[in-house]
Amino acid sequence: MALAPGSPMRPIPRVPGLDSSLAFLEDPYRFIGRHCRELRSEVVEARLMLRPTLCFTGPRAAELFYNESLFQRGGAAPEPLRATLFGKGGVQGLDGARHRRRKALFMRALAPEQVAALVRQVAHEWQHELGRWAQQETVPLYTALHPLLARAVCHWAGVPLPQSQLALRTEELVSLFDQSVKPPLRHLRARVARAALESWLAHLLAEARAGRVELPEGSAAEQVALHRDEDGNVLRPRIAAVELLNLLRPTVAVSVFIVQAAHALHVHPECREPLSDSLLGGDMRWAQAFVQEVRRWYPFFPAVAARVRHDFEWQGCHFPRGQLALLDLYGTNHDPRSWDEPQAFRPQRFLTRKPGAYDLVPQGGAEPHAHHRCPGEGVTIALMMLSLDWLLHRMRYEVPAQDLELDMGRLPALPREGLVIGAVQAVP
Ligand code: HEM
């Protein structure tokens, strides 16, 4: 990591301007990549929220970013994100042994047999909802998926969710990830939603520990309730609630990738036949390639944040301890050093190559047990596969004329009208 003694240090190229927060929010997915290209560097410094912030892009930078002797997560995520998307005191902000122990909870809760159970529950709910969709003239797919996924994941996790609360809890869960940093109203709503959800779940977990509520044996809720950190203590109810939400919220957020997959099916009709053959024929390679290409090509999370743990040097630049750093996920997924024709949507690319740990990073890089990489990739991929099967084989629908362009200024980016479908029918 160090330069040869006496080598001159290269200044980190700077994004001009007093503060780039607005420019970042206007184009969150392309901001880092564009400036790195313009300044011909894998790292640039920009002022974001008035703080100098290192902005890294590309596979080499991703590998560096996941080196935990150089970067830490504690104190990295901005408060508005912790107050909405992540919650405070959860796994995202832990480091070292504390992180690995807490992460093991997620890896157990999301083991393959648990993923299979969640997929079965989502299939059950999809069947149920399809009857209702068939009675509607049009169905906005994105919002229609939310209660379906919310009900499925709560049932799977062992969290009681009476029908009378479904709409409210769904809306609260969605507001944590959909435009949750958009000022002022969406952000305020997300803060209020998080407070309500945490109270609800903290109460449930406290009641379960007191023996007044029985959680299904082996359920995710029970695992969270019983989890002990390295000090031997169970999690405080509020933190346990944050971790349970770390399972519920992102499962509902898979709706984003499902809509993006449906969008890809519509705008790339040539993919339908090989995809359908793959799903029906049992050789899942093409279907997997399609799902990977959706995860690579479509924007979801723009970046992840960390802090420089101690001074170090890389690429001739000096990085001072404590500085905030972002890793560009979208730009790394489109980096020409890793991908031929990165802007082309081409599932076939994944038939001949396996994604590496630092080039396909929609859900983070490195590996999930020891690093912060998402533990929910198995769930995400399995639910995308299931949804493609339903969209292709178990229902018929039309896509009425609408604006299908992705709104790249939205977080997460979606087709402008959320992908409306019509004339829905169940395939007998
Ligand atoms: C909807 C699609 C998903 C996307 C785009 C996504 C993306 C991400 C990203 C970018 C990270 C941060 C990686 C890092 O900090 O280095 C992450 C972490 C995490 N994700 Fe996901 N995720 C998704 C689905 C899921 C699912 C389905 C679950 C659980 C059911 C889940 C649970 C988590 C948890 C608990 C973490 C924190 C891990 C840690 O800090 O060690 N995610 N995800």
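Five strands form an open sheet in the order S1-S2-S8-S5-S3, with mixed pairing; two strands pair if DSSP finds at least two bridges between them. S1 and strand S3 (71–72) are the edge strands, each with a single partner, so one side of each has no neighbour in the sheet. This is a predicted model, in which local features need pLDDT of at least 70 and side-chain atom pairs count only at pLDDT 80 or more, while totals for chains, interfaces and linings use all residues. Residues are numbered from 1 along each chain as its sequence is written.

**Overall form**

- The chain has 15 helices and 10 strands; these are DSSP runs numbered from the N terminus, with helices being H or I of at least four residues and strands being E of at least two.
- The radius of gyration, taken over C-alpha atoms, is compared with a globule rule of 2.2 Å times the number of residues to the power 0.38.
- For 428 residues a compact globule would have a radius near 22 Å, and the chain agrees, with 22 Å.
- Along the principal axes, the C-alpha atoms fill a box of roughly 75 × 55 × 40 Å.
- Buried residues make up 43% of the 428 residues; a residue is buried if 20 or more other C-beta atoms (placed from the backbone) lie within 10 Å of its own, exposed if 12 or fewer, and partly exposed in between.
- Two residues are in contact if their C-beta atoms, placed from the backbone, lie within 7 Å.
- Among contacts between residues at least 6 apart in sequence, 69% join residues at least 24 apart.

**Inside the sheet**

- S2 and strand S8 (residues 324–328) run parallel and are joined by 4 bridges.
- Leu54 stands opposite Ala325 in S8.

**Nonpolar core**

- A nonpolar core is a set of buried Ala, Val, Leu, Ile, Met, Phe, Trp, Tyr and Cys residues joined through C-beta atoms within 7 Å.
- The largest such core has 118 residues, of which Phe65, Val153, Ala157 and Leu244 touch the most other members.
- H11 supplies the largest share of this core, 18 residues.
- Beyond its neighbours within four places in sequence, Val153 is in contact with Leu118, Leu248, Thr251 and Val252.

**Around the ligand**

- There are 26 residues around the ligand, and Pro250, Gly364, His372, Cys374 and Gly376 come nearest; a residue is near a molecule if its C-beta atom, placed from the backbone, lies within 6 Å of it.
- Helix H5 (96–109), helix H11 (237–267) and H15 each give two or more residues to this shell.
- H11 gives the most, with 7 residues.
- The shell has 16 nonpolar, 8 polar and 2 charged residues; Ala, Val, Leu, Ile, Met, Phe, Trp, Tyr, Cys and Pro count as nonpolar, Asp, Glu, Lys and Arg as charged, and the others, Gly among them, as polar.

**Backbone details**

- The peptide bond from Pro183 to Pro184 is cis, with omega near -15°, and Pro184 is in the loop between helix H8 (163–177) and helix H9 (185–209).
- A cis bond also links Leu411 to Pro412, with omega near 0°; Pro412 lies in the loop between strand S9 (395–398) and strand S10 (420–426).
- Met49 is not a glycine, yet its phi is positive, about 45°.
- Met49 lies in the loop between strand S1 (43–48) and strand S2 (51–56), and is partly exposed, with 13 other C-beta atoms within 10 Å.
- Ala366 also has a positive phi, near 65°, and is found in the loop between helix H14 (329–333) and helix H15 (377–394).
- Ala366 is partly exposed, with 18 other C-beta atoms within 10 Å.
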